[in-house]
Amino acid sequence: MPKKSSRRAGAARGAKRGAKRGAKRGAKRGAKSSAKSSAKSSAKSSAKRGGAKVAEKSRLKRVRGAAKSLAKRSRASSGSVSERGENPARGKSAARARVAKLEKVLAYDIGGTKVHTAIIDSRGRVLDEVRVAVDFSRGRSEVFRQWIDAGKRLLEGHPEVRRVGVASAGPLDPAKGLLLDPTNFASAAGETWGVVPISKLLSSGLGGRPVVLENDAAAAILAEHWCGAAKGADDCMVITLGTGVGTGMIVGGRLIRAGRGLHTEGGHVIIRAGDESAVCGCGNLGCVEAFLSGRNFEKRARRALLGGRVDRGAGSGRGLGSDEGAGGSGGAGAGSGAGSADARRSIGRVEFAPGHAEAGFSGAELAARARSGEAAVVALFEEYAELLAVAIHNFVVLYAPQVVVLAGSFANAADLYLDRARERLEELLIRRRHGVDFMPRLVVSPLQNRAGVLGGAVVAFRNE
Ligand SMILES: [Zn+2]
């Protein structure tokens with residue numbers, strides 16, 4: 001049986017964050033960027049499918065109309081003057097009537113162990129929520145039943161809700177509403193799900209309400225931009241540090257996607273090639289995720305503390321210069337092989353002896369040990385800070401965000417690595433501080449474990 005672990009009515013955390021201005025701007029920008037990006041991606045695929053240009057034009061028109069309509073609704077709901085000086089009184093009553101119908105949505109945050117559902121209003125207030133542990137070992141149809149039940153439970157109290165937004169672990173196709181053989185949703189027998197029409201299946205279980213799907217990291221940055229740490233910053237990114245590592249970017253106010261309708265996979269950017277202590281789930285060595293996900297940090301810590309030694313390296317206080325930037329888009333330095341080796345030595349490194357995992361080294365326990373001053377564990381977090389700075393450097397030279405938000409469960413240990421990561425990042429970007437200062441604000445998400453559902457709400461509000 002699914003376990004209901006919490007349910008809170010009333011305005012919850014994030015209520016104030018979704019203030020008028022944030023709701024208005026976020027919804028407006030989200031609407032525009034969504035409409036444009038989804039329009040573009042559908043335009044391409046449509047052309048491939050046989051050039052149904054007329055149908056596509058009409059779809060584009062509809063999507064753009066939806067964006068405009070949402071922007072109007074947002075202005076109306078905020079009750080304030082439009083940013084562009086339009087007359088808010090014009091069509092006010094009609095807009096209000098629409099807002100009355102559309103001001104609340106049901107949002108899902110779907111992960112590999114639990115589902116979080118919430119009723120959220122257009123100002124970012126969480127009105128009601130449910131978290132349920134989901135047992136994937138019982139197979140796909142049972143998981144869907146649990147997901148649908150979690151949503152239905154909230155809809156009982158909010159039957160007027162018409163739209164549903166879903167932030168889910170991927171990979172997935174947001175435009176088509178498909179999960180693409182999600183990595184973490186396998187049953188106990190190891191059966192994978194294959195391609196699943198999640199939007200269609202949820203919709204039929206939720207009384208035919210339209211369901212919009214979004215990648216969880218993309219949803220997280222949409223939420224941060226709407227009412228979190230990146231509010232007002234049109235160039236921003238989120239790095240989710242949880243079981244895996246995800247990245248979501250907004251550039252110029254628009255959500256950035258990868259090619260082929262996919263999502264950026266910043267967790268699989270390689271930051272220390274060939275490092276056999278860092279085996280990644282994707283099959284490569286030395287990915288960002290292989291070092292920085294909570295699960296992999298724990299795994300490497302166990303090996304280091306149970307069988308290895310910590311080598312801080314003589315040059316750990318030295319800047320890495322531009323050598324590590326060779327992994328980005330053409331850093332300022334030459335990035336020669338010898339330079340890279342020096343740079344690697346300069347990082348406080350943990351040497352790993354062969355060994356295997358033992359219980360009792362959870363992220364929370366490791367953080368407690370570091371806070372109590374255990375030198376070997378402190379060194380692990382210092383290495384974490386160094387590698388995080390390298391990863392962020394590589395994202396910064398590609399996307400130039402003004403704000404980088406750290407989210408996910410491992411962001412709870414930021415007191416152990418954030419200051420050092422910031423210092424190292426400043427060193428890595430030392431040549432990029434003049435003219436345009438590339439150094440981003442580096443902050444921990446204030447949305448905590450609500451970023452997923454708030455992101456789901458953003459995509460539901462902008463859909464029509
Ligand atoms: Zn990888």
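**Notebook: the five-stranded sheet**

I looked up a sheet and found five strands, in the order β12-β11-β10-β15-β16; it is an open sheet with mixed pairing. At its edges I noted β12 (254-255) and β16 (441-444), each of which pairs on one side only. I am working from a predicted model.

A reminder to myself: strands of a sheet pair through backbone hydrogen bonds, and the pairing is either parallel or antiparallel.

Entry on β10 and β11. In which sense do β10 and β11 pair? I found that strand β10, residues 236-241, and strand β11, residues 245-251, are antiparallel and share six bridges. As a point to locate by eye, I picked Ile-239, which faces Thr-247 in β11. I then checked what lies against the sheet: helix α11, residues 375-399, packs on it and touches β10, β11 and β15 (403-407). The direction of α11 makes about 25° with that of β11.

Entry on β15 and β16. Here I found four bridges and parallel pairing. I marked Val-403, which stands opposite Arg-441 in β16. How does the chain get from β15 to β16? I followed it through helix α12, residues 418-428, and recorded a right-handed β-α-β crossover.

Entry on the whole protein. I counted 13 helices and 16 strands in the listing. The protein has 464 residues, and 46% of them count as buried. I also looked up contacts with a separation of 6 or more: residues 24 or more positions apart account for 69% of these.

Note on methods: Residues numbered from 1 in each chain as written. Predicted model: local features only at pLDDT ≥ 70, side-chain atom pairs only at ≥ 80, totals over all residues. Pairing = 2+ DSSP bridges. Helix = DSSP H or I, 4+ residues; strand = E, 2+ residues; numbered from the N terminus. Contact = placed C-beta atoms within 7 Å. Axes fitted to C-alpha atoms, helices over the stretch in contact; angles between N-to-C directions. Right-handed = clockwise from strand over helix to strand, strands pointing away. Buried ≥ 20, exposed ≤ 12 C-beta atoms within 10 Å, placed from the backbone.
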